[in-house]
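Okay, thanks for making time, everyone. Let me put the model up on the screen and then walk you through its inside.

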Amino acid sequence: MFRHGKKNPCKLCLQKRGGKCYILIMSNPLHTIFGLRDNGLPLVFLAPMAGYSNAPMRRISHRHGAAMSYTEMANARALLNPSERTWALMETTKLEGPVVAHLYGTEPDVFAEAAVKVEQTKRFVAIDLNAGCPAKKVLAEGAGAELIKDPQRIHDMIVAARRVVSLPITLKTRLGPSPDKLAIYDVLAAVEAAGGAALALHARYTSQGHRGDVHYNLLAQVKQRANIPIIGNGNVHTPYAAWHMFEKTRVDAIMLGRAAVGNPWIFTNIRDSFKTRIKPKYHPPTHSRPKMNLETLGKVLFDHLDLEREHLKVLSAKYGIPPTAEDIEETVVNAFRCRHFRYLHSLKGACYVRKCLSELRTVDAVREAVQGCFDREAAYRATLPPKPVKPVKKKIPKKKA
Ligand SMILES: Cc1cc2nc3c(=O)[nH]c(=O)nc-3n(C[C@H](O)[C@H](O)[C@H](O)COP(=O)(O)O)c2cc1C
């Protein structure tokens, strides 16, 4: 455990002199559990997001500082069939860093069998059970957030998987079905009793979906009670919010989802703020991405599109989805429409690109439209008055008494 020196109180966790630093915890158990590299900074993960957290997004997030990421959600039963297309969701590529396989299901035997097959791929550092997805299709099967109502089943599923695999089994869940039905303490007890390795908590109720308050106090209480590491999640859109979650709840790691869509720099910005050990100023989430250099932005966006295309080629060859070269092209264009458009957030030409998107059919056409957007933004920026240069403060050496 890291202790602050007597002279300097920690600017990172704001602990008093000589106190324990809860952020620079040298022996964060999550490093060992997931085999993560310890660079002495707090852990920030990319959350599982169906339709988003695929191999290209994970790779780009890792490159920008995500310590670990999760696959999209896969149906455990579907994974029992080796030729099943659901396996496309478990495809990984190089340079993604540590990845957790994220599954949903309801039956202990099926979950265990799927866990064995996932472990055999040797691609993952852990297997995570979803107990928080509020999608109707998933709830109808009794899976996802429905599982919160049945801690015993969660226990049995984890026990069954642990019997047959050596990878750590973790759970991602919510506080409970609704504010009058807090269930997290029972779920936590079930996970601990079953030997679950860690618990990721999206600190909202199922009834809240992805909106409304994140309940920091409850997250903090869960962390205080837990004997396993807790990963905090919910509304971390800025470096300030990352600090806030660590400070308020003292969780072992944080996980963020929506903020990383079209904005992998969120990981870099959070990491850099921890490096400086100076708490960032509060910014509303809409201003979460500082104005970016257009060249950097374009490089990452175009790289993302290329990775997406390469990834789809692999999926097409292995699973037949998408079936043809034209379909691959169309799927990349669609991905841009739905997901990568967020890269253009707050740029001058973004509205213009949005208007033409429905007519674009090829990746080259998308590239051209995006380049047009950058040109408009560059022209706009050229009209702005130059930023005033901040005077450099001279350090005045202290006089010796
Ligand atoms: C489009 C989308 C898809 C998601 N898919 C999953 C999922 O498959 N499994 C899961 O546990 N959570 C899923 N989530 C929830 C996120 O993992 C995360 O808990 C939630 O978005 C709150 O974190 P955030 O405020 O950082 O986005 C999804 C969220 C979004 C927005």
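**The core and what packs around it**

So, let's start in the middle: the largest nonpolar core has 106 residues, and the members touching the most others are Val44, Phe45, Phe111, Ile127 and Ile254. By core I mean buried Ala, Val, Leu, Ile, Met, Phe, Trp, Tyr and Cys residues joined through C-beta atoms within 7 Å. Buried is 20 or more other C-beta atoms within 10 Å of a residue's own, exposed is 12 or fewer, partly exposed is in between, and the C-beta atoms are placed from the backbone. Helix H6, residues 184-194, gives the most to this core, with 6 residues. Domain 1 (29-287) and domain 2 (294-382) both contribute residues, so the core lies between them; those bounds come from an automatic or database domain assignment.

Before I go on, this is a predicted model: local features need pLDDT of at least 70, side-chain atom pairs count only at pLDDT 80 or more, and totals for chains, interfaces and linings use all residues. Numbering runs from 1 along each chain as its sequence is written.

Helices (H or I, at least four residues) and strands (E, at least two) are DSSP runs, numbered from the N terminus. Which S1 residues are buried on each side? Leu43 and Phe45 are on one side, Val44 and Leu46 on the other, and both faces are covered. S1 runs parallel to S9, joined by 4 bridges, and Val44 has Ile254 as its bridge partner there. For pairing, DSSP has to find at least two bridges between the strands. S1 also pairs in the parallel sense with S2 (68-70), over 2 bridges, where Phe45 stands opposite Met68.

Just after H8, Arg250 has a positive phi of about 60°.

Over in helix H5 (151-164) we find Ala160. Why does Ala160 count as buried? Because Ala160 has 20 C-beta neighbours inside 10 Å. Leaving out neighbours within four places, Ala160 is in contact with Pro108, Asp109, Phe111 and Ala112.

Key
Contact = placed C-beta atoms within 7 Å.
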